[in-house]
Amino acid sequence: MDISSILQGGYQHPLSRQWQSKRQLTKAMLMYPIFISDDPDASQLIATLPGQSRWGINKLEGFLAPLVKKGLQSVILFGVPMNCNKDYRGTPADDKEGPVILAIKKIRSLFPDLYVACDVCLCEYTDHGHCGLLHPDGTINTAPSVERIAEVALSYARAGAHCVAPSDMMDGRIKSIKRALIDNGFGNKCTLMAYSAKFASSLYGPFRDAAGSAPSFGNRKCYQLPPGGRGLARRAIQRDAAEGADIIMVKPAMPYLDIISDAAQLTPDHPLACYQVSGEFAMVHAGAAAGVYALRDMAFESVDGMLRAGATLILTYFTPDFLDWLDN
Ligand SMILES: [Zn+2]
């Protein structure tokens, strides 16, 4: 056989197989999405998201302490208001007694070294369930939406969030949030992570169950990106970088590895996040339960794809599992 035919000598050992990856998963790359209920004593399993719960702020210490001990370094918070008065502008989003603001303060005081990011959107708090404010005909009214979203982001920064992460997909919100942070003294205190390429995906179902954020009419296809829209995604990534995003995100991850790869090339000087969303997580679990593969192997394989595509930060519900698996 020719010398040039032989590759297997280079990866015959478990260690030399690891060297084939440009980047390997570390605990620092993991950001854990958690659902904060407005029932302070909640620890309520979410049926469609295996092993995940909605947590009340009184339960956060017991829930997070063991994870922090295992090396958890960052979380992203999603508010789940069960009892608030939702309205057209999402007023409860930045209620000072609401679950997210109370949770930011609580987590910062309990775990001073834990990085706290906050998802910013209005859909959990609007009576219509859309991510912005609406015109009478039901379409998005962009200017007041962006103004309101920036106000909410600033409230989370004031409460102590290290990072605000707008997921609404309204045009111009990155610039508006960055301006609000700078003008109020948070320009150098709070990171802005943009859900830049967020697609209108079928994979958000379990999240909407968990957060109670399904729209009451219509869908989100006029602001989230169409799944085939690679060009649009590229434009959105470049726009958000130009508007002041500190971190670029692609969401979902597994069906959009080409977009992650595009982002790595378009904005090579930014950290690049991807969100392995609720439906992806549920899908990996369902396949394992059906005997298609071993859960751990598939979880690693899914994340290896994201790293290979260029991601440097991964939001995933597998975070607690990875904290164990990376030790063993
Ligand atoms: Zn939303």
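**Entry 1: overall fold.** I counted eleven helices and ten strands in the protein. The radius of gyration came out at 20 Å, close to the 20 Å that the globule rule gives for 328 residues, so the protein is as compact as a globular protein of that length. I note that the model is a predicted one. I then took the extent of the C-alpha trace along the principal axes, which is about 75 × 45 × 40 Å. Of the 328 residues, 45% count as buried. I also looked up contacts between residues at least 6 apart in sequence, and 74% of these join residues at least 24 apart.

**Entry 2: the annotated site.** I found that UniProt, in an unreviewed entry, places the feature "binding site" at Ser 278 and Tyr 317. These positions are spread over 40 residues of sequence but cluster in space, with a largest C-alpha distance of 7.5 Å.

I located Ser 278 in helix H9, residues 278-289. Ser 278 has 24 other C-beta atoms within 10 Å and is therefore buried. Its contacts beyond four places in sequence include Leu 49, Tyr 204 and Phe 207.

I located Tyr 317 in the loop between strand S10 (313-316) and helix H11 (319-325). Tyr 317 also counts as buried, with 26 C-beta neighbours inside 10 Å. Beyond four places in sequence, I list Pro 33, Leu 49, Gln 52 and Phe 281 as its contacts.

**Entry 3: Ile 260.** I placed Ile 260 in helix H8, residues 257-266. Ile 260 is buried, with 26 other C-beta atoms within 10 Å. Among the residues it touches are Val 250, Leu 272, Cys 274 and Met 306. From Met 1, Ile 260 is 259 residues away in sequence and 39 Å away in space, C-alpha to C-alpha.

Terms used. Residues numbered from 1 in each chain as written. Predicted model: local features only at pLDDT ≥ 70, side-chain atom pairs only at ≥ 80, totals over all residues. Helix = DSSP H or I, 4+ residues; strand = E, 2+ residues; numbered from the N terminus. Rg over C-alpha atoms; globule rule 2.2 N^0.38 Å. Buried ≥ 20, exposed ≤ 12 C-beta atoms within 10 Å, placed from the backbone. Contact = placed C-beta atoms within 7 Å. UniProt positions renumbered as here; feature names shortened; annotations may be inferred.
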